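This report describes a single protein chain through its strands, its helices and the packing between them. The sequence and the structure come first, and the description follows.

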Amino acid sequence: MERQLRQGRLTCPACGAVLAPWGHGRPRSIRGDLGARLFLRPRRTRCSGCKVTHVLLAETLWPRRADTAVVIGAGLEIAALGMGHRQVAAHLGLAEGTVRGWLRAFATRAEDVRRHFTVALVALADDPVMPDAAASPFADAVSVVAAAHRAAATKWPGMLTVSRWEFAGRAIGGRLLTSPSSAI
């Protein structure tokens, strides 16, 4: 990413102009899988066109979250099985409020996420197999993310090195847990 930034190959998501290095964001501690702690200082950029600054995050991270995509995705998958936020939080060893926030945010986006990844599944698979209807829109969205990831991994075997939630975050710009007013 740093090389692409320095070569002028990264563009602004708002206006399409070239992004330039603009220092770094504040240092952060991110909770990873199995209790691992990741420490990072994300790269900041500034658009040469609209002058807006952006923080660049790897696929493993989602905007405004202190947990990796894999951890959040595991919580979403457990919740899709019918468990409540307290059970999910206990299973992951995280605060109930943190998990409740993820689940509420995802629930408000579930239909948009389901629609987005259904389109992606159809585009990726030669003969797409749609997931069976689940017990809720939340569970439907989780299952179609997994199906789209499988289709991408079939088309590009290298995708197997990327978790389904890192794939989902990349495919949707990390916006799986943002407010419904944010465009997908």
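Contact means heavy atoms within 4.5 Å. The model is predicted. With that cut-off, His116, Phe117 and Leu124 in α4 meet Phe167, Ala168 and Ala171 in α6. Sorted by class, the residues of this α4 and α6 contact are five nonpolar, one polar and no charged.

**Helix packing**

Two packed helices are described by the angle between their axes and the distance between the axes. The axes of α4 and α6 cross at roughly 100 degrees and come within 12 Å. Angles of 65 to 115 degrees count as roughly perpendicular, and α4 and α6 are therefore roughly perpendicular to each other.

Helix α6 has the buried residues Trp165, Glu166, Phe167, Ala168 and Gly169. These buried residues pack against α2, α4 and α5. After α6 comes glycine 173, with a positive phi near 70 degrees.

**Nonpolar cores**

The largest nonpolar core holds 39 residues. Leu76, Phe106, Val113, Phe117, Trp165 and Leu176 have the most contacts inside this core. Two or more residues each come from α2 (69-80), α3 (85-92), α4 (96-124), α5 (137-155) and α6 (164-171). The biggest share is that of α4, which gives 11 residues.

What does leucine 176 contact, leaving aside its neighbours within four places in sequence? The partners of leucine 176 are Trp62, Ala105, Phe106, Arg109, Val113, Trp165, Ala168 and Gly169.

Valine 144 sits in helix α5. Its relative accessible area is 2%, so valine 144 is buried. Beyond the neighbours within four places in sequence, valine 144 is in contact with Val113, Arg114, Phe117, Thr118, Leu121 and Pro131. Valine 144 and proline 131 are 13 residues apart along the chain, and their C-alpha atoms are separated by 6.3 Å.

**Strands**

Strands of a sheet pair through backbone hydrogen bonds, either parallel or antiparallel. Here three strands form an open sheet with antiparallel pairing, in the order β1-β4-β5. Its edge strands are β1 (19-24) and β5, each of which pairs on one side only. On average, neighbouring strands of this sheet are turned by 35 degrees against each other, with direction ignored.

The antiparallel strands β1 and β4 are joined by four bridges. Histidine 24 has arginine 43 in β4 as its bridge partner.

Threonine 45 belongs to strand β4. Is threonine 45 buried or exposed? Threonine 45 is buried, as its relative accessible area is 0%. Apart from neighbours within four places in sequence, the residues in contact with threonine 45 are Leu5, Leu19, Ala20, Pro21, Trp22, Val52, Thr53, His54 and Leu56.

Strands β2 (residues 28-31) and β3 (residues 37-40) are paired in the antiparallel sense over four bridges. Isoleucine 30 has leucine 38 in β3 as its bridge partner. The hairpin of β2 and β3 has five residues between the strands.

**Positive phi values**

Most residues other than glycine have a negative phi.

| Residue | Phi | Position |
|---|---|---|
| Leucine 34 | near 60 degrees | hairpin of β2 and β3 |
| Lysine 51 | about 65 degrees | loop between β4 and β5 |
| Arginine 64 | about 60 degrees | loop between β5 and α2 |
| Glycine 173 | near 70 degrees | following α6 |

Lysine 51 is not a glycine. The strands on either side of its loop are β4 (43-47) and β5 (53-56). Exposed means over 50% relative accessible area, buried under 20%, and partly exposed in between. At 45% relative accessibility, lysine 51 therefore counts as partly exposed. Arginine 64 is not a glycine either. With a relative accessibility of 75%, arginine 64 counts as exposed.

Terms used:
Residues are numbered from 1 along each chain as its sequence is written. This is a predicted model: local features need pLDDT of at least 70, side-chain atom pairs count only at pLDDT 80 or more; totals for chains, interfaces and linings use all residues. Side-chain values use heavy atoms; hydrogens and water are left out. A nonpolar core is a set of buried Ala, Val, Leu, Ile, Met, Phe, Trp, Tyr and Cys residues joined through side-chain atoms within 4.5 Å. Buried means under 20% relative accessible area, exposed over 50%, partly exposed in between (1.4 Å probe, protein chains only). Axes are lines fitted to C-alpha atoms, for helices over the stretch in contact, and angles run from 0 to 180 degrees between N-to-C directions. Angles under 35 degrees count as roughly parallel, over 145 as roughly antiparallel, 65 to 115 as roughly perpendicular and the rest as oblique. Ala, Val, Leu, Ile, Met, Phe, Trp, Tyr, Cys and Pro count as nonpolar, Asp, Glu, Lys and Arg as charged, and the others, Gly among them, as polar. Two strands pair if DSSP finds at least two bridges between them.
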